[in-house]
Amino acid sequence: MSVLKWTYEVDGTDFTRAGEASSNLKKKLRALGIPAEVIRKVSIALYEGEINMVIHADGGVITIEMSPDRIDMILADHGKGIPDIEQAMQAGWSTAADEVRSLGFGAGMGLPNMKKNSDEMRIESTVGVGTTVYMTVYINGGPKKADA
Amino acid sequence: MTPIAFAEKNGLRVINVGCGQERSIEGAYCGDLLSMVMGRAKENDAFVTVMANVNTIAVAVLADVACVILCEGIHFDDMSLTRAEQQEVCVLESDEPAFAVALKLGKELGLC
């Protein structure tokens with residue numbers, strides 16, 4: 001089974017550049033003829049992830065692996081970590097700065113949006129060490145969401 | 001109706017044509033909280049907002065909306081407009097509030 005793999009460095013110093021990885025991946029997936037709804041889910045989930053990496057973690061590395069039936073996204077940072085993942089997953093919960101909020105983010109929608117737009121999502125985080133988010137979007141249906 | 005046709009009929013300024021002559025407005029979404037917009041706006045919606053920064057353009061691209069309509073006489077900065085040109089995002093401007101623009105969209109879409 002062939003697997004395509006891409007890696008993106010996320011610059012944690014420039015909020016306006018967040019989205020470059022998701023825009024770039026979107027173009028690649030379009031060129032590969034991936035269904036529009038799959039592309040939309042991947043793009044939104046990844047963009048929210050990028051924003052989080054810039055807001056909370058001074059950047060990080062995104063790895064994308066695509067096989068014929070699924071797209072796996074791994075977002076790894078060495079930021080401050082998430083003390084309480086369950087709390088962070090709640091819509092409306094946010095620790096973002098006012099500056100970020102004034103730009104239209106930081107309202108506690110990021111992680112819920114990532115979960116909503118991925119078919120599987122898992123977060124591993126250690127305070128003071130960093131966070132890794134694993135997201136999968138299935139191509140052509142795949143197994144359904146357990147909580148759908 | 002294309003975004004450009006909507007602009008011409010309703011007196012909105014066309015700031016960047018982008019894909020505005022090829023795409024069709026099929027719905028609308030009003031909002032300034034970009035995470036909310038990204039999660040809720042649908043493909044081919046007109047995205048009505050007062051949030052004018054480069055991330056607005058990024059969200060428009062990722063959510064695949066038909067156009068961005070900036071209300072209340074607010075303008076994008078040069079960096080945002082450059083990004084809109086690069087990404088072929090149709091950008092319109094209105095001096096009216098979002099609600100007034102939404103009403104016009106609603107009429108054109110046959111919703112009110």
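I began with the second largest pocket, where helix 1 of chain A makes the biggest contribution to the lining, at four residues. A reminder to myself before going on: this is a predicted model.

Next I looked up which elements supply at least two residues each to that lining. They are helix 1 (20–31) of chain A, plus helix 3 (54–63) and helix 4 (78–87) of chain B. I put the volume of the second largest pocket down as about 270 Å³. Its lining comes to 14 residues, and nearest the centre I found Arg30(A), Val61(B), Asp64(B), Gln87(B) and Glu88(B). Sorting the lining by class, I got six charged, five nonpolar and three polar residues.

Then I turned to the largest pocket. How much space lies in it? I noted about 610 Å³. I counted 33 lining residues there, with Asn52(A), His56(A), Ile82(A), Thr95(A) and Leu111(A) the closest to the centre. Two or more lining residues come from each of these elements of chain A: helix 2 (36–57), strand 3 (70–77), helix 3 (85–88), helix 5 (110–117) and strand 5 (130–138).

Which helix gives the most to this lining? My answer is helix 2 of chain A, with eight residues. By class, I recorded 16 nonpolar, 13 polar and four charged residues in the lining of the largest pocket.

How values were computed. Residues numbered from 1 in each chain as written. Chains lettered and ligands numbered in written order. Predicted model: local features only at pLDDT ≥ 70, side-chain atom pairs only at ≥ 80, totals over all residues. Heavy atoms only, no water. 1 Å grid on protein atoms, 1.4 Å probe; cavity = no way out; pocket = protein on both sides within 12 Å on 5 of 7 lines; lining within 4 Å. Points joined across faces, edges and corners; volume = space filled by probe spheres on them. Nonpolar A, V, L, I, M, F, W, Y, C, P; charged D, E, K, R; others polar.
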